[in-house]
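Q: Could you walk me through this one, please? I'm new to it, and I'd like to ask as we go.

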Amino acid sequence: MRIRRILFALALPAALFSFLLARARAGGPQQDQKKYSQTPTIEEYQPKSTLVTKEHKVERAKFPFIDIHSHHWNPTAEEVDRLVREMDTINLRVMVNLSGGTGDQLRQTVATMKGRHPDRFVVFANLSYDDINTPGYGKRAAARLEQDVKKSGAQGLKIFKNFGMDLKYATGERVHVDDPEFDPVWDKCAELGLPVLIHIAEPLPFFDPWDYHNERWLELKQFPGRARPPEKYPPFETLMTERNHLFAKHPKTNFIAAHLAFHGNDLERLGKTLDALPNMYVDIAAVLAELGRQPYSAHDFLVKYQDRVLMGKDIYDVNEYKWYFRALETRDEYFEYYRPRHAFWRIYGFQVPDEVLKKVYYKNALKLVPGIDAKAFPE
Ligand SMILES: [Zn+2]
């Protein structure tokens, strides 16, 4: 009895003391405790991986490579010189600028890029749609392209994403991807041996409702204008059908469908599409997370379709290529991706054999794009 009374007499001041001590510590841990017991938003939740596994940071590509998908609008001489210095640090041998424009703008861009560094850049032309409502548009566009190639030095044609999507005639009718008005343009590309790098549609989730099941919820929150609701835009499948019809209708024209043709989430479908359309190629620009979340399938796909896939990055940042090198060249597991709005998941390396890597890095581009000096690349 007496012992219990003594213990009680001691416990009370001790509890009071620790309470005062906790208050004196400015309430930090207590407040944190409260905050962390609540459900975080998906942007707040940033768990640190505890996985311990081999890491291979690849700062420089194993082979010199060609970036088939980059954008540099009206670059200045200083910007171009800086680009070359940065390209050298990662083994980027030839950069394809898809944003050359047409006419004077194109001539100027070719002069600034190739004039200073002839063997380091390729410039693709773009179409002007300014006179699309005047009869005979397709033939005029084809003739302008021929001038852009023969007089100004364009080495390919890039078609931007508004084609098939937002581009409309004055009547309000959408320009369909397989619109016969453009046939002279595709035929001209076949005649001149020019590849067409074409961006049709957008990632499938942009066409789906923006709800908590949407894989691109975050991107659609950050960029609501990227949503493609059915009241305003053609359905994804309509665009795929028109695109495949375009490629089938022009078997002599080589088309590079940008961003894995937006089938990176369904490589079996992409494989079947490539099987059906021998003049179709794809780049991997900005869709690395699709491959990185299915490393076994990605590896097997790249081995099977090694002659049809090209290296590309899209938005230029010299520091972001290393994710592509690491995914293509290593078997690293569960590493963070560089753009959370594309993927909230981590990715895995799918290391392909050197012969496949060489094709993706440069051999396929050398086959498709005229006028690149092959001597700068290994056999
Ligand atoms: Zn692009």
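Q: Which strands does helix α3 lie across?
A: Helix α3, made of residues 77-90, lies across β1, β2 and β3 and runs at about 135° to β2. Helices (H or I, at least four residues) and strands (E, at least two) are DSSP runs, numbered from the N terminus, and axes are lines fitted to C-alpha atoms, for helices over the stretch in contact (heavy atoms within 4.5 Å), with angles from 0 to 180 degrees between N-to-C directions. This is a predicted model, in which local features need pLDDT of at least 70 and side-chain atom pairs count only at pLDDT 80 or more, while totals for chains, interfaces and linings use all residues. Residues are numbered from 1 along each chain as its sequence is written, and side-chain values use heavy atoms, with hydrogens and water left out.

Q: And what order do those three strands take in their sheet?
A: They form an open sheet in the order β1-β2-β3, with parallel pairing, where two strands pair if DSSP finds at least two bridges between them. At the edges are β1 (65-70) and β3 (121-123), each pairing on one side only, and the twist averages 20° from one strand to the next.

Q: How many bridges hold β1 and β2 together?
A: Strand β2 (residues 92-97) and β1 pair in the parallel sense over 4 bridges, and Ile 66 stands opposite Val 94 in β2.

Q: Switching topic, what coordinates the zinc ion?
A: His 69 (NE2), His 71 (NE2) and Asp 314 (OD) coordinate the zinc ion at 2.0 to 2.5 Å; donors are N, O and S atoms within 2.8 Å of the metal (3.2 Å for Na, K and Ca), and since water is not among the atoms, sites may look incomplete.

Q: Are the two histidines there buried or exposed?
A: Both His 69 and His 71 are buried, meaning under 20% relative accessible area, with exposed over 50% and partly exposed in between (1.4 Å probe, protein chains only).

Q: How many aromatic pairs are there?
A: The structure holds 22 aromatic pairs, counting rings of Phe, Tyr and Trp (its six-membered ring) whose centres lie within 6.5 Å, with planes under 30 degrees apart called stacked, over 60 edge-to-face and the rest tilted. In one of them, Phe 65 and Tyr 321 have ring centres 5.8 Å apart and planes at 55°, so the pair is tilted.

Q: Where do those two sit?
A: Phe 65 lies in strand β1 and Tyr 321 in helix α12 (residues 321-329), so the pair ties together parts that are 256 residues apart in sequence.
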